[in-house]
2 protein chains.
Amino acid sequence: MHKKNNLSAFFSPSSIAVVGASEATGKISGVILESLRNSFRGAIYPVNPRYNEVMGLKCYPSIEAIGSPIDLAVYALPAGAVPEAVFNAGGSAKGAVVVSGGFAETGPKGAALEKALKEAARSTATRVIGPNCMGIYDTVSGLDTFFIPRERVQRPGRGGLSIISQSGSFAVTAMDELATDGIGVARVVSYGNKVDVDEADCLDFLAEDPETKAVAIYIESIENGRRFIEAASRCSAVKPVMAVKVGKGASGISAARSHTGAIAGRYEIYRAAFKKAGIIELNGYEDFLVACKAFGLTSSAAGKRVMIITDGGGMGVNIADACEQMGLSVPGLPEEVEEELRAAFPSYYGVGNPLDLTGSATDESFAFALSKTMSGDFYDMVIVAALWGPPALTDKLPGMLAQKPGFTEKPIIACTPGGAYSRDRIRLFHEAGLPAFSTPEAAVRAASVLSKGRWRL
Amino acid sequence: MHKKNNLSAFFSPSSIAVVGASEATGKISGVILESLRNSFRGAIYPVNPRYNEVMGLKCYPSIEAIGSPIDLAVYALPAGAVPEAVFNAGGSAKGAVVVSGGFAETGPKGAALEKALKEAARSTATRVIGPNCMGIYDTVSGLDTFFIPRERVQRPGRGGLSIISQSGSFAVTAMDELATDGIGVARVVSYGNKVDVDEADCLDFLAEDPETKAVAIYIESIENGRRFIEAASRCSAVKPVMAVKVGKGASGISAARSHTGAIAGRYEIYRAAFKKAGIIELNGYEDFLVACKAFGLTSSAAGKRVMIITDGGGMGVNIADACEQMGLSVPGLPEEVEEELRAAFPSYYGVGNPLDLTGSATDESFAFALSKTMSGDFYDMVIVAALWGPPALTDKLPGMLAQKPGFTEKPIIACTPGGAYSRDRIRLFHEAGLPAFSTPEAAVRAASVLSKGRWRL
């Protein structure tokens, strides 16, 4: 029925209609229209029979009335009105994003509406994202149908990470975190009830999308496992694909829905599918975010050997503990490197792995330690844990570390725990292109994710 | 030799000498002197034979020259000068905090100095904290010997949590995080090489300290296990005691120091000791911080049954997954509660556990759900996961939740993941007395910690 992978209307539209457009900026359609006016570079057509003009733009009574076919229609109508509107639009819009809720997630009546929507899409050959979703946030095309005001949820800048998510709130929250931390994205898709476009369609598109360097997926359920595995396998052959599946356990979900065994057992199937498709399995939100930051900024490590450089002895040992717990190794310094470092550093530096530069640490001592330990084939990646107490440490540190003398392909992971001053330093590392984390454990989780797979971004 | 538990000179001193005082605010002694002038309410005596006056205070050539005995002397001298200075001070100062490094941690020469310091302390009956430490930060007495400038490391306000730590940098970093997040502390002690005062001495004091409601300990090594277990047991009998031991694994530490078996095996001994002493075992920095926030603001839960209330379906399921993974249970709603909620809420709310108030959530819907589910004996604690996208949600939410109608002793744990807007809300929860976390996993870790033990603060 649908031409496979004809999603370009969603990701490079030149014209967009907002159906149900209104002046009210507090309403969904208002938020979307304002976002489009801010960032979308193509033609924007408000559609609403009640207005002649919305936000200074000519408003049309229907999509058909626009006169020429458009690429994308965003539906922000009450659920009951959506199937008919999509049907009436006929072939006038190639793609439709239905952000409205009130479909299958609400019971039998909504399920009937969802079936009608599906039929309208099929009979008009319209591809549909949604319903019950946030739609698309795209830094390449400037499209933003996420209807949460920017005061509450920041939008990330341009980057290479794409996120596809069944849950709108999960996508929104992750986007907001990435934006605050200064990590960019390429495309974010929230597809909700996926009446048509699903994760496999998105993976097909993203596999061939040159703007997308890595893909992170949030999954509640997958209906067509074989198709998913095929699409994910094609994508993971060329770029990192990571996924979190929620609704794993016997406890929460099944206690609530009283079908324990079914759900608890099923996670093993997802895990096997991820493995088969070359997907990195992530365990929950925290892991998801760590992985987004890691592959949003850097490439895979070639192995599991971690070097730890710090100015806080306790943190260094804590990181070494966490590495061991997460299956990474922390090999001691090779003899020649140890001798060289001992000759160069004051006697009270703790020369080993972890390497402790103490409270006397300087930007230069970090950079020197980095270059001496990471040149040669002794380690696959490095965690640099900078506590900002040492007075000689300056904001030049991230840039100095990012120069990577002699080991261009090994990931440098920064760890900078602490309060306001340290938290503000996270963005400096990100601006220098180094993923940075607030806790030793998060930094080690990032190292673990980067050790799974062999992708070069 | 030492009178047991005579640590009052450290925690309620009425006079303090700073030995090695200087005008240079960038120097250790300068930072300490400035902190004391800001917050310490007793008499302050700079000591340095080279000056007559420091920062407007009369400066004395020696402690003996002050003329009357003082409670506490803070030594910020080069290591080589410390043992003699402590000896010469004789009984003129009851307690000494030696912040200087350059002792046993640096090799045989430093070890000899440490031995001399120990002998000077013994022969003059002076109790000593340190050397190679940050000393004391105390919101009760106003004492602050931590020598990191406040621009880089914030100081927490007054609270009930006390922290004792072998590692200065670990204590500093945790303090800084707590300060930024608005969690107060009572006493923080960094004792470094513990030539005299150790964790057992501190536990003895804190067990009887009415200002201390909970104790968190960072441990690298314990020398006298029996004494530690005795002191910790007395303390944990009356208030929560939590501990992290770093240097657990075969990998990092022992690879560096090449005595794998010894160290790896030893962690089992620590774990057994913690269990025997009624100590909550924490796994690394992240866990430590979560536990400090949890017991810094709330009491134990009476069991492991968790209710989850959220406005983000995906987050709710994620939290339920994490509960199961961490040994907590998420029982379904009792029938009568479910009926009552269904009658009160719109049909599209997800009524169950997790309870999903969706994007239509209001402050009132959260508060209503809280009171209906937490009254009665169905749950031991609740995780409230608020995503801030829903426009009706306001900054009144934390205060409304904190009123706890009908279930005063059950912990309410907040979870508010996201970017800048959400992160700024964390302090609002803390000001309302509810511990709040940035990720579902951290919130569940807090729930897990609170379920271990039965303390009422």
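In chain B of this predicted model, strand β1 (residues 15-19) runs parallel to β2(B) and is joined to it by five bridges. Within this pair, Ile16(B) lies opposite Ile44(B) of β2(B). Strands (E, at least two residues) and helices (H or I, at least four residues) are DSSP runs numbered from the N terminus, and two strands count as paired if DSSP finds at least two bridges between them.

Both strands belong to an open, five-stranded sheet of chain B with parallel pairing and the order β2-β1-β5-β6-β7. Its edges are formed by β2 (43-47) and β7 (127-129) of chain B, each of which pairs on one side only. From one strand to the next the twist averages 20°. Helix α2 (residues 28-39) of chain B lies across β1, β2 and β5 (70-75) of chain B, at about 160° to β1(B). Axes are lines fitted to C-alpha atoms, for helices over the stretch in contact, and angles between N-to-C directions run from 0 to 180 degrees. Contact requires C-beta atoms, placed from the backbone, to lie within 7 Å.

Chain A is assigned domain 1 (8-296) and domain 2 (301-450), the bounds coming from an automatic or database domain assignment. The domain centres, taken over C-alpha atoms, are separated by 38 Å. Nine residues of domain 1 of chain A are in contact with eleven residues of domain 2 of chain A. On the domain 1 side, helix α10 (residues 284-297) of chain A supplies the largest share, five residues. The residues of this side divide into five nonpolar, one polar and three charged (nonpolar: Ala, Val, Leu, Ile, Met, Phe, Trp, Tyr, Cys and Pro; charged: Asp, Glu, Lys and Arg; polar: the others, Gly among them).

Residues are numbered from 1 along each chain as its sequence is written, and chains are lettered from A and ligands numbered from 1 in the order in which they are written. Local features need pLDDT of at least 70 and side-chain atom pairs count only at pLDDT 80 or more, whereas totals for chains, interfaces and linings use all residues.

Conventions
Contact = placed C-beta atoms within 7 Å.
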